[in-house]
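Student: I would like to go through this model one element at a time. Can we start with a helix and then move on to the strands?

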Amino acid sequence: MNTTTRRPLRAVASAATALLVAGLLGACGGTTAEPETMVSATLGQQQDAEVSASASESASTSESATTSADTFGYEGRTGATALELLLEADPSAEVTGEGENAFVTAINGRAADDSKNEFWSLSVDGELAQVGAGSLETEDGQEITWTIDTF
């Protein structure tokens with residue numbers, strides 16, 4: 001969706017509306033802020049709304065991983081393992097071992113606490129995985145979720 005051509009038109013329309021209202025109120029003898037102040041305030045509000053909408057769009061489209069302190073999730077992709085996708089989604093994830101012997105110890109800066117018997121458990125579509133992340137071949141559309149759990 002190309003919104004760059006619409007934004008200047010909305011800003012011009014908002015400015016024109018503010019000037020029209022200021023002129024009408026001034027002609028009727030009402031008191032109001034100077035037109036420049038109203039235009040500036042209107043344009044500032046418009047820009048704030050656009051920045052907020054742009055940030056929301058960016059967050060929803062560019063980031064496919066969902067995170068919280070104790071949960072991390074992403075979509076599966078046919079031909080990729082859960083471990084490969086984890087390392088794509090969070091390059092800082094900490095792993096001991098390799099391949100089918102890989103054991104995830106930290107995700108998104110959150111390390112499992114051995115003193116609390118914590119570990120990162122792996123689920124696919126809400127079901128606990130039956131194999132390790134390095135062996136788990138994912139498919140398009142699957143929801144892969146890592147959650148801090150205890151034993």
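This is a predicted model: local features need pLDDT of at least 70, side-chain atom pairs count only at pLDDT 80 or more; totals for chains, interfaces and linings use all residues.

Student: Which residues of helix H3 are buried?

Tutor: Helix H3 spans residues 82-89. Buried means under 20% relative accessible area. In H3 the residues that are buried are Ala-82, Leu-83, Leu-85 and Leu-86.

Student: Which strands are included in what covers the buried residues of H3?

Tutor: The cover is drawn from several parts of the chain, among them strand E2 (71-75) and strand E3 (94-96). It also includes strand E4 (103-107), strand E6 (118-124) and strand E8 (143-150).

Student: Which strands stand at the edges of the open sheet?

Tutor: The sheet has 3 strands in the order E3-E4-E5, with antiparallel pairing. An edge strand has a single partner strand, so one side of it is left without a neighbour in the sheet. That applies to E3 and E5 (110-111).

Student: In E5, what is the bridge partner of Ala-106?

Tutor: E4 and E5 run antiparallel and are joined by 2 bridges. The partner of Ala-106 in E5 is Ala-111.

Student: Is Glu-118 buried or exposed, and what is its relative accessible area?

Tutor: Glu-118 is in strand E6. Its side chain makes a polar contact of 3.0 Å with that of Arg-110, and Glu-118 also touches Ile-148 and Phe-151, among others. Buried means under 20%, so Glu-118 is buried, at 11%.

Methods:
Residues are numbered from 1 along each chain as its sequence is written. Side-chain values use heavy atoms; hydrogens and water are left out. Buried means under 20% relative accessible area, exposed over 50%, partly exposed in between (1.4 Å probe, protein chains only). Helices (H or I, at least four residues) and strands (E, at least two) are DSSP runs, numbered from the N terminus. Contact means heavy atoms within 4.5 Å. Two strands pair if DSSP finds at least two bridges between them. A polar contact is a pair of N or O atoms within 3.5 Å; within protein, one must be able to donate a hydrogen and the other to accept it, and residues adjacent in sequence count only if both atoms are side-chain atoms. Lists of a residue's contacts leave out its neighbours within four places in sequence.
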